[in-house]
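These are my notebook entries on a structure I had not examined before. I set down what I looked up, entry by entry.

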Amino acid sequence: MTLMRNLIKILPIFLLALSACAPTRPLTVIDAGHTPTDYGAVSCTNKIEVEYNDDLVAGISSELTRRNKKFILTRTKYNDINHADKLRQYLIDSLDDEKWEKYKDLYSRIALANEKQAGLFISIHHDSVQEHHLLRTDDGKIIDVRDDFKQQFNPGYSIYIASDPKYPNTELHYLDALKFARIFAKKMQSIGRKPSTYHEDKPGQDNYQSIDLSQGIYNSKTILVVLRNAKMPAVLIEAGVIVDVEDEKIISSQAFKDQFAVALAESIDEFFGQ
Ligand SMILES: [Zn+2]
C-alpha cells in the first residue's frame with residue numbers, strides 16, 4: 001500500500017521528465033508561391049498561378065491539421081507574408097535595404113523557415129512554358145500549348161532542389177532534399193501523375209540540370225531564392241502545367257487537390273520517419 005502511495009506521488013514527476021525528454025516534433029514550412037500582385041504564370045483559363053497555389057496549400061493545410069502535424073504557412077489567401085525586418089538576419093544572402101525592400105516578399109518566406117529552425121521547407125507552384133510554345137488568341141489570351149510542344153514534351157509535375165558549392169548550406173542539405181524529392185515523386189506517380197519533361201537538359205541551358213528525369217527531379221542550383229537560402233532540406237514543387245488544357249483540367253479537379261494533399265502529408269511523414 002505504501003509502495004502504491006509512493007508511486008502515485010512520483011508519477012506526475014516521472015511523466016513530466018518523460019515529456020521533457022521526448023524529441024520535439026519536426027516543423028515543416030509550407031509556402032504558397034507568389035502573391036496576388038506578383039501572381040506568377042497565367043493559365044489557359046485565364047486564372048493566375050497564385051490562385052492555384054493558394055487552393056492547393058489550403059487543402060494541404062487541412063490535411064496536415066487533420067493529421068496533427070507541426071507546420072506553418074508562409075502566407076495564405078487571407079494572410080500576407082510576415083515582412084518583419086528582423087527576418088533579414090536569417091538569410092544566407094546579405095541584402096542592403098534597397099534589395100530587401102524590393103524582394104522581401106520572396107526572401108521573407110525562407111528567412112521565416114530559418115528563424116523557426118524548420119526541418120523541411122516546401123514551396124508550392126504551378127508551371128508555365130516559354131512564350132514561343134504558347135498558343136494565344138488575337139487579343140493575347142492563352143488557349144493552350146502549341147502542337148509541337150505536345151509532340152516534344154509531357155506536361156506534369158516537377159521537383160526542384162538546390163546544390164551549388166557557392167552556397168555550402170545547399171550542399172549540406174542536398175541528400176536530404178533529394179530523399180524527400182524521391183519520396184514525393186513516387187507518391188505523385190502512384191496517383192497517376194507523370195513527370196514533366198519540359199525542363200530536361202537542352203543544349204545551352206544551364207539553369208536546371210536534371211537529377212532524375214524519370215522522377216521529374218531537377219537541380220536548380222542557386223537560381224531560386226527560397227532554395228539557395230535554406231538552412232534545411234528544401235524543395236520547390238511545380239504541381240502541373242497550367243497552360244496545357246489537359247493538365248490544367250486535372251490540376252483544377254477536387255480529386256487531384258485531395259490526392260496531392262494526402263501524397264504530400266504522407267511524404268512528410270515518411271521523410272521524418274513517422
Ligand atoms: Zn511560380
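I began with a term that I needed: a residue is buried if 20 or more other C-beta atoms lie within 10 Å of its own. I also noted that the model is predicted.

Entry on strand E3. I looked up both faces of E3 and found them covered. On one side Leu120, Ile122, Ile124 and His126 are buried, and on the other Phe121, Ser123, His125 and Asp127 are buried. Because eight of its eight residues are buried, E3 is largely enclosed by the rest of the structure.

Entry on the whole protein. I recorded eight helices and nine strands. The protein has 274 residues, of which 39% count as buried. Among contacts between residues at least 6 apart in sequence, I found that 73% join residues at least 24 apart.

Entry on the sheet. In what order do the strands of the open sheet stand? I read the order as E2-E1-E3-E9-E6-E8-E7, seven strands with mixed pairing. Strand E2 (71-73) and strand E7 (209-212) stand at the edges with a single partner strand each, so one side of each is left without a neighbour in the sheet. Neighbouring strands are turned by 25 degrees against each other on average, direction ignored.

Entry on the pairings. I followed the bridges from strand E1 (residues 28-32). E1 runs parallel to E2 and is joined to it by three bridges; E1 is also parallel to E3, with five bridges between them. Ile30 has a bridge partner in each of these neighbours: Leu73 in E2 and Ile122 in E3. On to E9, I found that E3 pairs with this strand in the parallel sense over six bridges, and that His125 has Glu238 of E9 as its bridge partner.

Entry on the helices that lie on the sheet. Helix H2 (residues 49-66) packs on the sheet and touches E1, E2, E3 (120-127) and strand E9 (234-241). The direction of H2 makes about 140 degrees with that of E3. I then turned to H5, which lies across E3, strand E6 (158-161), E7, strand E8 (217-219) and E9. H5 runs at about 170 degrees to E6.

Entry on H5 and H8. How do the axes of helix H5 (residues 168-190) and helix H8 (residues 254-272) cross? I noted that they come within 9 Å and cross at roughly 145 degrees, and that the crossing is right-handed. From H5 the contact takes Lys179, Phe180, Ile183, Phe184, Lys187 and Met188; from H8 it takes Ala263, Leu264, Glu266, Ser267, Glu270 and Phe271. I sorted these residues into seven nonpolar, one polar and four charged.

Entry on the core. The largest nonpolar core has 62 residues, and those with the most contacts inside it are Phe121, Ile159, Ile161, Ala181, Leu227 and Val235. I looked up Ile161 and, setting aside residues up to four places away in sequence, listed its contacts as Tyr174, Ala177, Leu178, Ala181, Ile217, Asn219, Leu227 and Val235.

Entry on Ala234. Is Ala234 buried or exposed? With 29 other C-beta atoms within 10 Å, Ala234 is buried; its place is in strand E9. Not counting residues up to four places away in sequence, Ala234 touches Phe121, His173, Ala177, Val226 and Leu227.

How values were computed:
Residues numbered from 1 in each chain as written. Predicted model: local features only at pLDDT ≥ 70, side-chain atom pairs only at ≥ 80, totals over all residues. Core = buried A, V, L, I, M, F, W, Y, C linked by C-beta atoms within 7 Å. Buried ≥ 20, exposed ≤ 12 C-beta atoms within 10 Å, placed from the backbone. Contact = placed C-beta atoms within 7 Å. Axes fitted to C-alpha atoms, helices over the stretch in contact; angles between N-to-C directions. Helix = DSSP H or I, 4+ residues; strand = E, 2+ residues; numbered from the N terminus. Left-handed = near helix turned anticlockwise from the far one by under 90°. Nonpolar A, V, L, I, M, F, W, Y, C, P; charged D, E, K, R; others polar. Pairing = 2+ DSSP bridges.
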